[in-house]
Amino acid sequence: MDTMPKWAEVVLVPLISLLLAAILSALVILGIGEDPVAAVKLMVTGALGSTYGWGYTLYYATNFMFTGLCVAIAFHARLFNIGGEGQAMLGGLGVALACLYIPWPHWSLALIGATAMAALFGAVWAAIPAFLQAKRGSHIVITTIMFNFIAAAVLNYILVNMMRPQGSMDPATARFPDATKLPTLHDLLAPIGINFSKAAPANISLLVAMAACIFLWVLIWRTRLGYEIRAYGHSESAAKYAGISPVKITMIAMIISGALAGMMAINNVMGEAERLVLNATEGAGFIGIAVALMGRSHPLGVFLAAILFGFLYQGGAELALWTSIPRELIVVIQALVILFTGALDNMVRMPLEKIFLSVRAARAPKPKRKPVEPAE
Amino acid sequence: MDYMTLIQLLDSTVRLATPLLLACLAGLFSERAGIFDIGLDGKMLAAAFFSAAIAAISGSVWLGLLAGIAASLALSLLHGLASITFRGNQLISGVAINFLAAGLTVLIAQSWFQQGGRTPSLIGGARFNPITLPFADQIEPTPFIGPLYAELISGHSILVYMAFAAVPLTWWLLYRTRFGLRLRAVGENPAAVDTAGVSVIGLRYAAVCICGVLCGIAGAYLSTALQAGFIKDMSAGRGYIALAALIFAKWRPWYALWATLLFGLFGALETRPDVIEALIGIKVQGQLLGALPYVMTVIILAGFVGKAIPPRAGGEPYVKER
């Protein structure tokens, strides 16, 4: 059923959805009595006008790449993982344990160890809802939502009662040792003669996130497992008939998904804060939903959408700093993107399909009419 | 624990259970008609803001309530548009609505009142004030029954009594009327309803609208009765707890009452750690108690205690075959 050419499917539909979201966002800014053009200008200079701005944009984008990939891989198996937030929180706990209790000799080893711990903790937190869905039939969306709240409570408890250094009032862990300090983009780009801002938090995790994008592309489109995941996502009954185990695919897809969300912690906990604080994820797990929807669950799309949201996030922070527009504007834009690229997808698609069908019908040669034979 | 402490505890249980109950019944209507709604929280939040804002501007809490219901209804219609008319993913639409409400309320609050995303404090007629039931003062000196009547049953705002009245009303509507039968049928087997010549789309929109109205009352209760004014993110995940209660209640109205009262009790205990300590002798962390509704819901969902079976056609858009 190819009613639309591929380019329209991949480029036109998301672009129109995005445009609708942008128009409505502009109307919202107008509605609260501000100038949308000036706001966009401020966002562009604030987020992209300096290496400092770029450093923050890329830092946020790194978070969103991980959480976007997390939602995307689950989408391929037709699972909706809303639990990225909780999985990323638990990933932070893994990173904190790895950095605080293991004496790493060098940051590169610490990065590998912390990544493994983050992925493990995130994967475990996703594996429980996955198991409950696969074996006990409880709805994964509800369980992952519940697990977000449970994660927040558990983390709160652990930070306040166990990992808080003595004498500190702040519900946070001690600062990680210097050996675990990740190189920032400033450190990485200085040898090749680029003077990148020293203050910005973007760090080597960006490269890990990009590697994760490539890994996921290979996994989904170039391996047997990826084929099984997509087949299961397209039709559960067909996949079952082909000998693909639903339990296995649900578990594996969710474990990879949770591991990716957990890995976000190497960026925000290890790379930026250098200690685990309460609410370290700042909603990045939810932004992953918008990123995955906009990126059409394709790793390249997720990469681009993550950078766009990184720009929006940093631009929004600049707006809140220099104008009276609160930071929540970004939440509205995020909601509109989810609404138009996700829930109202058919609103854009249906009229487009009609247009393409009518164009095709006009181009195609008219079939010759058979003379109608009189009935006997 | 003495008798008065118990009464106080139950009193705050009722207060905290009321918004959960309203939101839970809201979700019940929607999900029984086959429309999943994880946007309960967002609708409550929007209603909380608009009812507080209009009440603050007009000085009339009833106008505020209407505004709150209207805001919640508007989001419900958006949900209906996405999930019924355009057959989109109901869960994604719900997520979008939650974020839309979380962002827009702060944005508009800042633009209207410049108080950092809150409304001015509501006073006098801009709030739902406690109602003293007849003879409460006369009965109060009576031992046992007196405090029970005067403290626990009397002295709530009208919305509390409305919420409790909504339970038998919902039961009657769902199980004793033609509309209720059709509503339940459309959540189980929409094709059969369609074959019988009843509009699936119309029924589902009706259910979503009822959901919007109830969520609107729940939100208005938060900002004009439970507290005096709107603050950022004041729904504080109550929509999700209501969703949990709905599963706990197995999508039935009377069970919904017990489930929300239970979760309300957890909320009340969270603020009284001394009571828990006196009761079971161990110091329990408030944060862990707050997570209890979620843990219990996961256990129920997993079918370890009883089995929660959702409406069969839930979450699936209905496509008429051509």
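**View 1. Salt bridge between B:K232 and A:E328 in a predicted model**. B:K232 and A:E328 pair with their closest N and O atoms 2.9 Å apart; a salt bridge is a side-chain nitrogen of Lys or Arg within 4 Å of a carboxyl oxygen of Asp or Glu. Across the interface of chain A and chain B the rule finds 1 salt bridge.

**View 2. The interface of chain A and chain B**. The two chains bury about 3600 Å² between them, 82% of it on carbon and sulfur atoms (buried area: the accessible area, 1.4 Å probe, that two parts lose on being put together, summed over both). A:R136, A:M146 and A:F149 supply 15% of the area that chain A buries against chain B, more than any other three residues.

**View 3. Salt bridge between A:K248 and A:E228**. The N to O distance is 3.3 Å. A:K248 lies in helix 11 (residues 246–263) of chain A and A:E228 in helix 9 (residues 224–234), so the pair ties together parts 20 residues apart in sequence; helices are DSSP runs (H or I, at least four residues), numbered from the N terminus. A:K248 is partly exposed at 40% relative accessible area, whereas A:E228 is buried at 12% (buried: under 20%; exposed: over 50%; partly exposed: in between; 1.4 Å probe, protein chains only).

**View 4. Salt bridge between B:K43 and B:D37**. The closest N and O atoms are 2.6 Å apart. Both B:K43 and B:D37 are buried.

Residues are numbered from 1 along each chain as its sequence is written, with chains lettered from A and ligands numbered from 1 in the order in which they are written. In this predicted model local features need pLDDT of at least 70, side-chain atom pairs count only at pLDDT 80 or more, and totals for chains, interfaces and linings use all residues; side-chain values use heavy atoms, leaving out hydrogens and water.

Definitions and conventions
Helices (H or I, at least four residues) and strands (E, at least two) are DSSP runs, numbered from the N terminus.
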